[in-house]
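Hi,

Here is the structure I promised to pass on.

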Amino acid sequence: MKAIRVQHTGGPEVMELVEIPVPQPKPAEALVKVTVAGVNSIDGHFRDGSFRAHLPLTPGQEGAGVVTAVGTQVKALKVGDRVAWSGTLGSYAEYVAAPEEHLVPVPAAISDEQATAAMMHGLTAHYLVNDAHKLKAGETALVHAAAGGVGLLVVQMAHAMGARVIGTASSAEKARLAREAGADEVIVYTEQDFEPEVKRLTGGKGVDVVYDGVGKATFEKNLNVMKLRGMLVIYGMSSGPVPPVDPAKLSEKGSLYMARTTLAHFTATREELVARTSALFGMIAEGKLKVRIAKKYPLAEAVEAHRDMEAHKVAGKLLLVP
(Lines give C-alpha, C1' and ligand atoms only; values in the text may rest on other atoms or scores of the structure.)
Protein backbone atom coordinates (compact mmCIF):
# COMPACT_ATOMS: atom_id res chain seq x y z
CA MET A 1 0.00 0.00 0.00
CA LYS A 2 0.99 3.65 -0.35
CA ALA A 3 1.85 5.50 2.84
CA ILE A 4 3.68 8.59 4.03
CA ARG A 5 6.82 7.70 5.96
CA VAL A 6 9.16 9.75 8.15
CA GLN A 7 12.63 8.20 8.30
CA HIS A 8 14.16 11.02 10.35
CA THR A 9 12.68 14.05 12.08
CA GLY A 10 12.61 17.49 10.52
CA GLY A 11 10.48 19.83 8.43
CA PRO A 12 7.63 18.84 6.12
CA GLU A 13 10.13 17.75 3.47
CA VAL A 14 11.11 14.66 5.50
CA MET A 15 7.77 13.04 4.64
CA GLU A 16 7.97 10.64 1.70
CA LEU A 17 5.36 8.64 -0.21
CA VAL A 18 6.48 5.00 -0.20
CA GLU A 19 5.15 1.48 -0.66
CA ILE A 20 4.92 -0.59 2.53
CA PRO A 21 3.06 -3.80 3.42
CA VAL A 22 -0.60 -3.59 4.40
CA PRO A 23 -0.70 -3.93 8.22
CA GLN A 24 -2.20 -7.06 9.73
CA PRO A 25 -4.75 -6.41 12.48
CA LYS A 26 -3.96 -7.75 15.93
CA PRO A 27 -6.70 -9.71 17.75
CA ALA A 28 -8.38 -6.58 19.17
CA GLU A 29 -7.90 -4.48 16.02
CA ALA A 30 -9.70 -3.90 12.73
CA LEU A 31 -8.11 -3.20 9.36
CA VAL A 32 -9.63 -0.12 7.78
CA LYS A 33 -9.34 1.13 4.20
CA VAL A 34 -8.72 4.83 4.72
CA THR A 35 -10.93 7.15 2.68
CA VAL A 36 -9.91 10.38 4.42
CA ALA A 37 -7.15 11.27 6.90
CA GLY A 38 -7.11 14.42 8.99
CA VAL A 39 -4.12 16.76 9.22
CA ASN A 40 -3.43 18.12 12.71
CA SER A 41 -0.71 20.05 14.49
CA ILE A 42 0.16 16.97 16.55
CA ASP A 43 1.24 15.29 13.29
CA GLY A 44 3.83 18.02 12.86
CA HIS A 45 5.05 17.53 16.43
CA PHE A 46 5.70 13.83 15.74
CA ARG A 47 7.29 14.66 12.39
CA ASP A 48 9.72 17.26 13.75
CA GLY A 49 10.62 15.34 16.90
CA SER A 50 8.82 17.59 19.41
CA PHE A 51 6.95 14.44 20.44
CA ARG A 52 9.04 11.30 20.56
CA ALA A 53 8.08 8.27 18.52
CA HIS A 54 9.83 5.21 17.15
CA LEU A 55 11.21 5.82 13.65
CA PRO A 56 10.42 5.25 10.89
CA LEU A 57 6.80 6.25 11.39
CA THR A 58 3.67 6.91 9.38
CA PRO A 59 2.09 10.14 10.68
CA GLY A 60 -1.59 10.84 11.12
CA GLN A 61 -3.85 10.13 14.08
CA GLU A 62 -7.30 10.63 12.61
CA GLY A 63 -9.48 9.57 9.73
CA ALA A 64 -12.48 7.70 8.40
CA GLY A 65 -12.93 4.64 6.23
CA VAL A 66 -14.40 1.19 5.79
CA VAL A 67 -13.56 -1.96 7.78
CA THR A 68 -12.01 -4.64 5.53
CA ALA A 69 -10.94 -7.20 8.14
CA VAL A 70 -11.29 -7.77 11.89
CA GLY A 71 -9.15 -9.46 14.52
CA THR A 72 -10.29 -12.53 16.38
CA GLN A 73 -11.27 -10.59 19.52
CA VAL A 74 -13.24 -7.82 17.78
CA LYS A 75 -16.86 -7.99 18.91
CA ALA A 76 -18.86 -5.01 17.66
CA LEU A 77 -17.44 -4.39 14.18
CA LYS A 78 -17.81 -6.26 10.93
CA VAL A 79 -16.44 -5.99 7.40
CA GLY A 80 -18.16 -3.15 5.54
CA ASP A 81 -18.79 -0.93 8.56
CA ARG A 82 -18.04 2.78 8.15
CA VAL A 83 -15.92 4.05 11.02
CA ALA A 84 -13.94 7.08 12.17
CA TRP A 85 -11.12 7.35 14.67
CA SER A 86 -8.64 9.55 16.45
CA GLY A 87 -5.53 8.69 18.42
CA THR A 88 -4.35 5.93 16.07
CA LEU A 89 -0.92 6.65 14.61
CA GLY A 90 -0.40 5.66 10.98
CA SER A 91 -3.42 7.24 9.32
CA TYR A 92 -1.50 8.84 6.41
CA ALA A 93 -1.85 5.62 4.44
CA GLU A 94 -4.25 3.58 2.30
CA TYR A 95 -4.90 1.21 5.22
CA VAL A 96 -4.60 1.47 8.98
CA ALA A 97 -4.91 -1.16 11.71
CA ALA A 98 -6.74 0.44 14.61
CA PRO A 99 -7.88 -0.84 18.02
CA GLU A 100 -11.60 -1.51 18.09
CA GLU A 101 -11.92 0.75 21.14
CA HIS A 102 -10.74 3.75 19.02
CA LEU A 103 -13.22 3.17 16.19
CA VAL A 104 -16.67 4.78 16.26
CA PRO A 105 -19.55 4.14 13.86
CA VAL A 106 -20.30 6.81 11.26
CA PRO A 107 -24.03 7.33 10.64
CA ALA A 108 -25.36 7.38 7.09
CA ALA A 109 -26.21 11.10 7.32
CA ILE A 110 -22.55 12.01 7.89
CA SER A 111 -19.89 11.98 5.14
CA ASP A 112 -16.40 10.63 5.75
CA GLU A 113 -15.04 14.17 5.39
CA GLN A 114 -17.46 15.48 8.03
CA ALA A 115 -16.72 12.58 10.34
CA THR A 116 -12.98 13.14 10.10
CA ALA A 117 -13.33 16.87 10.70
CA ALA A 118 -15.48 16.11 13.76
CA MET A 119 -12.97 13.82 15.42
CA MET A 120 -9.91 15.53 16.93
CA HIS A 121 -11.12 19.10 16.37
CA GLY A 122 -14.76 18.44 17.17
CA LEU A 123 -14.08 16.26 20.20
CA THR A 124 -11.66 18.91 21.49
CA ALA A 125 -14.20 21.70 21.07
CA HIS A 126 -16.86 19.57 22.77
CA TYR A 127 -14.83 18.88 25.91
CA LEU A 128 -13.57 22.47 26.09
CA VAL A 129 -17.03 24.03 26.40
CA ASN A 130 -18.71 21.15 28.26
CA ASP A 131 -16.03 19.93 30.67
CA ALA A 132 -12.76 21.88 30.83
CA HIS A 133 -14.87 24.95 31.60
CA LYS A 134 -18.61 24.36 31.45
CA LEU A 135 -19.82 27.43 29.63
CA LYS A 136 -23.02 29.08 30.81
CA ALA A 137 -25.38 31.49 29.10
CA GLY A 138 -24.29 35.04 29.76
CA GLU A 139 -20.61 34.24 30.27
CA THR A 140 -17.93 35.76 28.05
CA ALA A 141 -15.34 33.55 26.36
CA LEU A 142 -12.16 34.58 24.58
CA VAL A 143 -11.38 32.11 21.79
CA HIS A 144 -7.93 32.36 20.26
CA ALA A 145 -7.46 31.29 16.64
CA ALA A 146 -11.22 31.54 16.28
CA ALA A 147 -11.11 30.64 12.57
CA GLY A 148 -8.97 27.54 13.09
CA GLY A 149 -10.18 23.95 13.01
CA VAL A 150 -10.97 23.87 16.73
CA GLY A 151 -11.77 27.57 17.02
CA LEU A 152 -14.64 27.62 14.53
CA LEU A 153 -16.31 24.74 16.36
CA VAL A 154 -15.77 26.27 19.81
CA VAL A 155 -17.29 29.52 18.57
CA GLN A 156 -20.40 27.74 17.24
CA MET A 157 -20.90 25.72 20.41
CA ALA A 158 -20.31 28.68 22.70
CA HIS A 159 -22.72 30.84 20.71
CA ALA A 160 -25.38 28.11 20.85
CA MET A 161 -24.97 27.96 24.64
CA GLY A 162 -25.76 31.66 24.93
CA ALA A 163 -22.24 32.85 25.75
CA ARG A 164 -20.72 36.05 24.43
CA VAL A 165 -17.78 35.16 22.21
CA ILE A 166 -14.73 37.31 21.56
CA GLY A 167 -12.40 35.75 19.02
CA THR A 168 -8.93 36.49 17.73
CA ALA A 169 -7.80 35.92 14.15
CA SER A 170 -4.81 36.78 11.99
CA SER A 171 -6.62 38.41 9.05
CA ALA A 172 -9.82 40.15 8.05
CA GLU A 173 -10.90 37.10 6.05
CA LYS A 174 -10.47 34.80 9.05
CA ALA A 175 -12.27 37.34 11.23
CA ARG A 176 -15.21 37.18 8.79
CA LEU A 177 -15.34 33.38 9.10
CA ALA A 178 -15.31 33.61 12.91
CA ARG A 179 -18.18 36.12 12.87
CA GLU A 180 -20.18 33.90 10.53
CA ALA A 181 -19.66 31.06 13.02
CA GLY A 182 -21.20 33.18 15.79
CA ALA A 183 -18.44 35.32 17.30
CA ASP A 184 -19.80 38.58 18.68
CA GLU A 185 -16.48 40.40 18.33
CA VAL A 186 -13.27 39.45 16.54
CA ILE A 187 -9.89 41.06 17.11
CA VAL A 188 -7.42 40.88 14.21
CA TYR A 189 -4.31 40.44 16.34
CA THR A 190 -1.93 41.40 13.51
CA GLU A 191 -3.51 44.88 13.58
CA GLN A 192 -4.54 45.30 17.22
CA ASP A 193 -3.16 44.16 20.55
CA PHE A 194 -5.77 41.76 21.91
CA GLU A 195 -5.13 42.67 25.57
CA PRO A 196 -6.40 46.29 25.53
CA GLU A 197 -9.13 45.35 23.05
CA VAL A 198 -10.54 42.64 25.29
CA LYS A 199 -10.43 45.02 28.25
CA ARG A 200 -12.27 47.63 26.19
CA LEU A 201 -14.88 45.18 24.94
CA THR A 202 -15.58 43.95 28.47
CA GLY A 203 -15.58 47.35 30.13
CA GLY A 204 -12.44 46.41 32.03
CA LYS A 205 -14.10 43.39 33.66
CA GLY A 206 -12.36 40.71 31.61
CA VAL A 207 -13.60 37.35 30.38
CA ASP A 208 -14.85 34.32 32.27
CA VAL A 209 -12.75 31.87 30.27
CA VAL A 210 -9.97 31.83 27.69
CA TYR A 211 -9.74 28.88 25.30
CA ASP A 212 -6.19 28.89 23.98
CA GLY A 213 -4.48 26.55 21.52
CA VAL A 214 -1.64 29.01 20.88
CA GLY A 215 0.43 28.72 24.05
CA LYS A 216 3.58 30.76 24.51
CA ALA A 217 2.69 33.83 22.41
CA THR A 218 -0.59 34.56 24.19
CA PHE A 219 0.01 33.28 27.71
CA GLU A 220 1.10 36.41 29.59
CA LYS A 221 -1.62 38.60 28.11
CA ASN A 222 -4.26 35.94 28.78
CA LEU A 223 -3.66 36.39 32.49
CA ASN A 224 -4.38 40.12 32.15
CA VAL A 225 -7.76 39.80 30.42
CA MET A 226 -9.53 37.43 32.82
CA LYS A 227 -12.10 38.15 35.51
CA LEU A 228 -11.48 37.38 39.15
CA ARG A 229 -11.44 33.59 39.46
CA GLY A 230 -11.45 33.31 35.67
CA MET A 231 -10.39 30.13 33.88
CA LEU A 232 -7.60 29.69 31.34
CA VAL A 233 -7.77 26.46 29.35
CA ILE A 234 -4.65 25.75 27.29
CA TYR A 235 -5.27 22.90 24.86
CA GLY A 236 -2.44 23.40 22.36
CA MET A 237 0.88 25.10 21.78
CA SER A 238 1.06 26.21 18.15
CA SER A 239 3.46 29.04 19.10
CA GLY A 240 5.52 26.90 21.47
CA PRO A 241 5.17 25.64 25.05
CA VAL A 242 4.30 27.99 27.90
CA PRO A 243 7.31 28.64 30.17
CA PRO A 244 7.22 27.52 33.82
CA VAL A 245 4.70 29.46 35.91
CA ASP A 246 4.88 30.37 39.59
CA PRO A 247 1.43 29.55 41.04
CA ALA A 248 1.64 32.77 43.05
CA LYS A 249 1.20 34.65 39.77
CA LEU A 250 -2.30 33.20 39.41
CA SER A 251 -3.16 34.55 42.85
CA GLU A 252 -1.76 37.98 42.07
CA LYS A 253 -3.81 38.22 38.86
CA GLY A 254 -7.09 37.43 40.60
CA SER A 255 -7.06 33.87 41.98
CA LEU A 256 -7.17 32.53 38.45
CA TYR A 257 -7.61 28.90 37.45
CA MET A 258 -5.50 27.29 34.75
CA ALA A 259 -5.66 23.90 33.06
CA ARG A 260 -3.47 22.28 30.40
CA THR A 261 -5.70 19.72 28.79
CA THR A 262 -5.39 16.99 26.17
CA LEU A 263 -8.10 15.16 24.26
CA ALA A 264 -7.06 11.67 25.39
CA HIS A 265 -8.08 12.45 28.97
CA PHE A 266 -11.59 13.46 27.87
CA THR A 267 -12.12 10.33 25.76
CA ALA A 268 -10.41 8.02 28.23
CA THR A 269 -13.21 5.44 28.21
CA ARG A 270 -15.06 3.86 25.32
CA GLU A 271 -18.33 5.17 26.75
CA GLU A 272 -17.13 8.77 26.83
CA LEU A 273 -15.69 8.56 23.30
CA VAL A 274 -18.93 7.18 21.87
CA ALA A 275 -21.06 9.70 23.78
CA ARG A 276 -19.04 12.66 22.52
CA THR A 277 -18.91 11.50 18.90
CA SER A 278 -22.61 10.66 18.93
CA ALA A 279 -23.38 14.16 20.19
CA LEU A 280 -21.18 15.73 17.52
CA PHE A 281 -22.52 13.63 14.66
CA GLY A 282 -26.05 14.43 15.81
CA MET A 283 -25.37 18.17 15.80
CA ILE A 284 -23.88 17.96 12.30
CA ALA A 285 -26.74 15.85 10.93
CA GLU A 286 -29.29 18.32 12.34
CA GLY A 287 -27.45 21.32 10.88
CA LYS A 288 -26.63 22.74 14.31
CA LEU A 289 -22.88 22.43 13.79
CA LYS A 290 -21.01 23.08 10.56
CA VAL A 291 -17.53 21.70 9.95
CA ARG A 292 -15.46 23.73 7.52
CA ILE A 293 -13.34 21.66 5.14
CA ALA A 294 -10.67 24.14 4.13
CA LYS A 295 -8.77 21.99 1.62
CA LYS A 296 -8.32 18.40 0.49
CA TYR A 297 -4.96 17.10 -0.75
CA PRO A 298 -3.97 13.83 -2.41
CA LEU A 299 -1.91 11.68 -0.05
CA ALA A 300 1.16 12.39 -2.18
CA GLU A 301 0.86 16.10 -1.29
CA ALA A 302 1.21 15.64 2.47
CA VAL A 303 4.28 17.89 2.43
CA GLU A 304 2.25 20.76 0.98
CA ALA A 305 -0.53 20.13 3.52
CA HIS A 306 1.92 20.43 6.42
CA ARG A 307 3.47 23.57 4.96
CA ASP A 308 0.04 25.17 4.63
CA MET A 309 -0.89 24.08 8.16
CA GLU A 310 2.25 25.49 9.72
CA ALA A 311 2.02 28.74 7.73
CA HIS A 312 -1.59 29.15 8.95
CA LYS A 313 -2.61 29.78 5.35
CA VAL A 314 -6.06 28.23 5.55
CA ALA A 315 -9.00 28.37 7.94
CA GLY A 316 -10.70 25.13 8.82
CA LYS A 317 -9.88 21.45 8.40
CA LEU A 318 -7.18 20.04 6.14
CA LEU A 319 -7.68 16.52 4.79
CA LEU A 320 -5.57 13.96 2.94
CA VAL A 321 -7.23 11.61 0.46
CA PRO A 322 -5.36 8.33 -0.25
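Let's start with Ser86: leaving out neighbours within four places in sequence, Ser86 is in contact with Gln61, Glu62, His102, Met119, Met120, Leu123 and Leu263. Contact here means heavy atoms within 4.5 Å. Ser86 sits in strand S5, residues 82–86. Helices (H or I, at least four residues) and strands (E, at least two) are DSSP runs, numbered from the N terminus. With a relative accessible area of 12%, Ser86 is buried. The cut-offs are: buried under 20% relative accessible area, exposed over 50%, partly exposed in between, with a 1.4 Å probe and protein chains only.

Before you go further, keep in mind that this is a predicted model, where local features need pLDDT of at least 70, side-chain atom pairs count only at pLDDT 80 or more, and totals for chains, interfaces and linings use all residues. Residues are numbered from 1 along each chain as its sequence is written, and side-chain values use heavy atoms, with hydrogens and water left out.

Now the whole protein. It has ten helices and 15 strands. Its radius of gyration is 20 Å, close to the 20 Å that the globule rule gives for 322 residues, so the protein is as compact as a globular protein of that length. (That radius is taken over C-alpha atoms, and the rule is 2.2 Å times the number of residues to the power 0.38.) Buried residues account for 52% of the 322. If you take contacts between residues at least 6 apart in sequence, 68% of them join residues at least 24 apart.

The C-alpha atoms of Ile4 and Leu299 are separated by 7.6 Å, although the two are 295 residues apart along the chain. Ile4 counts as buried, at 2% relative accessibility. Beyond neighbours within four places, its contacts include Leu17, Tyr92, Leu299 and Ala302.

Ala302 turns up again in helix H10 (residues 302–310), where the buried residues are Ala302, Val303, Ala305, His306, Asp308 and Met309. Among the elements covering them are strand S1 (2–6), helix H1 (41–48) and strand S14 (293–298). After H10 comes His312, with a positive phi near 55 degrees.

Which residues of helix H9 are buried? They are Leu273, Arg276, Thr277, Leu280, Phe281 and Ile284. Seen down the axis of H9, these fall within an arc of 130 degrees, so they line one face of the helix. The arc is that of the directions from the helix axis to the C-beta atoms. They pack against strand S7 (103–105) and helices H2 (112–117), H3 (120–132) and H4 (149–160). Just after H9, Gly287 has a positive phi of about 80 degrees.

- Leu55 and Pro56 are joined by a cis peptide bond, with omega about -5 degrees; Pro56 is in the loop between H1 and strand S4 (62–70).
- Ala145 has a positive phi near 50 degrees without being a glycine, and at 36% relative accessibility Ala145 counts as partly exposed.
- Arg229, in strand S12 (residues 226–234), is not a glycine either, yet has a positive phi of about 60 degrees. Arg229 is exposed, with a relative accessible area of 60%.

Cheers
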